[in-house]
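Notebook open, viewer running. I'm jotting things down in the order I looked them up.

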Amino acid sequence: MACRALSGRAGPPSPRLTRRFLFIFTLSLSGTYLCYNLLRCAGGPLPGPERRCLPARSAGAKKLLQKSRSCGREPGEPGGAASPWGRTRSDEPAWGGPRGAGQEAPPAGNGSGPAKLGSKRLPQALIVGVKKGGTRAVLEFIRVHPEVRAVGTEPHFFDRHYERGLEWYRSLMPRTLSRQITMEKTPSYFVTKEAPRRIFNMSRDTKLIVVVRNPVTRAISDYTQTLSKKPDIPTFEGLSFQNRSLGLVDTSWNAIRIGMYVVHLQSWLQYFPLSQIHFVSGEKLITDPAGEMGKVQDFLGIKRVITDKHFYFNKTKGFPCLKKTESSTLPRCLGKSKGRTHVQIDPEVIEQLRDFYRPYNIKFYETVGQDFRWE
Ligand code: A3P
């Protein structure tokens, strides 16, 4: 019938017509098969399991493949791709940490790693101060803990970038699992009038850590840092006093003002109970890092994982350093800007500043119920 229809007349089809029909039929079959294979190779829209996955070998290929499917399970799926101990973008070296026996590898990078496990949460704990107190050391030590994930850089959200909103702030955070604590450190929060109220508005349960250090040494450390960037600034002695012979200290100079801890603390106590603020001794952090970090872990409500075993004293640096990092078994110290040699200050000026700070220190000890012995 078909042949008849093709030929348009009755009777048996001619051999020529039959050959033509067979030729067209074979050609269309081959065409269909060719298209099918082309689609398979390109990873095109084929149903379910037929779709191909391509192994991403180079970084460029990986980037390109992010939009298509990669081989293996997706990050986030059980057993999916995860990068242990990723590094965080930071102006200073970020430390990873050794994993003790039986300690599971953290599933997501400690910052901006490629892993997509967990979700970005607003921080539950903040290192809010003080500048030059030892804040970098505390952050780098605590982030060794598998239940802590931290931002490497200082976000300055509650002082400089508050208008960007909490969603912007959250986007800076590393991904965490529900049992993990998200942290960041920005030491200028401690002396920012609006910071306590803003942090309280984010969450009244936020745990606050303040690393404090002898305010005179802190001021010299602060000045040494500024001098390293701006060598033309006046002398420390010149900046410290409104009138040196009268012993009138210039409290408008930031390097002096920051050390009046009890003054700044009042703003925090208007929003947070003392039990929600933990004070780390900047001095003990150097002489007994494990002891101070033990108290930090207790305060955060996490197991004491960071212990003596994690530290060694580096004689060249003159500071405790971590024994090994996430990525290698080599020890790691903080960067050059931490533990600098201070500029020489007239001992008489130091004495005058000690006298100036004494009443503030005593009031501070009384308020927090801790004697830091800054004499
Ligand atoms: P100096 O450079 O004056 O010695 P911050 O990180 O808040 O800016 O504080 C810097 C200070 O941290 C350093 O001040 C240093 O004394 C102190 N610090 C505490 N532990 C340290 C460590 N393990 N390595 C280097 N510096 C440390």
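At what angle do the axes of α7 and α13 cross? I looked at this pair before anything else, keeping in mind that this is a predicted model. The axes of α7 (residues 215-229) and α13 (residues 347-368) cross at roughly 125 degrees and come within 9 Å. Angles over 145 would count as roughly antiparallel and 65 to 115 as roughly perpendicular, so I'm writing α7 and α13 down as oblique to each other. On the α7 side, I have P215, V216 and I220 making the contact. From α13, the residues are I350, L353, R354, Y357 and N361.

Next entry, the sheet. I traced five strands in an open sheet, and the order reads β3-β5-β2-β6-β9 with parallel pairing. β3 (148-150) and β9 (277-281) are at the edges; each has a single partner strand, so one side of each has no neighbour in the sheet. From one strand to the next, I get an average twist of 25 degrees.

β3 runs parallel to β5 (residues 181-185), and three bridges join them. Within that pair, I found A150 opposite M183 of β5.

What lies across the sheet strands? I noted helix α4 (residues 135-142), which lies across β2 (125-129), β3, β5, β6 (207-212) and β9. Relative to β5, α4 runs at about 160 degrees.

I flagged K132 for its positive phi, near 65 degrees, in a residue other than glycine.

On to the hairpin. β10 (residues 311-314) and β11 (residues 319-322) run antiparallel, joined by four bridges. I see F313 standing opposite P320 of β11. Four residues separate the strands of this hairpin, and G318 has a positive phi near 80 degrees.

Which residues come nearest to the ligand? There are 19 residues around the ligand, and I list T135, S221, K338, G339 and H342 as the nearest.

Then I went through some polar distances:

- For P320, a backbone N or O atom is 2.8 Å from a nitrogen atom of the ligand.
- For R340, a polar backbone atom is 3.0 Å from an oxygen atom of the ligand.
- For H342, an N or O atom of the side chain is 2.6 Å from an oxygen atom of the ligand.

How much of the ligand's accessible area does the protein cover? I wrote down 97% of the 570 Å² that the ligand has on its own.

How values were computed:
Residues numbered from 1 in each chain as written. Predicted model: local features only at pLDDT ≥ 70, side-chain atom pairs only at ≥ 80, totals over all residues. Heavy atoms only, no water. Pairing = 2+ DSSP bridges. Helix = DSSP H or I, 4+ residues; strand = E, 2+ residues; numbered from the N terminus. Axes fitted to C-alpha atoms, helices over the stretch in contact; angles between N-to-C directions. Contact = heavy atoms within 4.5 Å. Near = heavy atom within 4 Å. Polar contact = N/O pair within 3.5 Å; in protein donor to acceptor, adjacent residues only side chain to side chain. Areas by Shrake-Rupley, 256 points an atom, 1.4 Å probe, with all protein chains shown as cover. Parallel < 35°, antiparallel > 145°, perpendicular 65-115°, else oblique.
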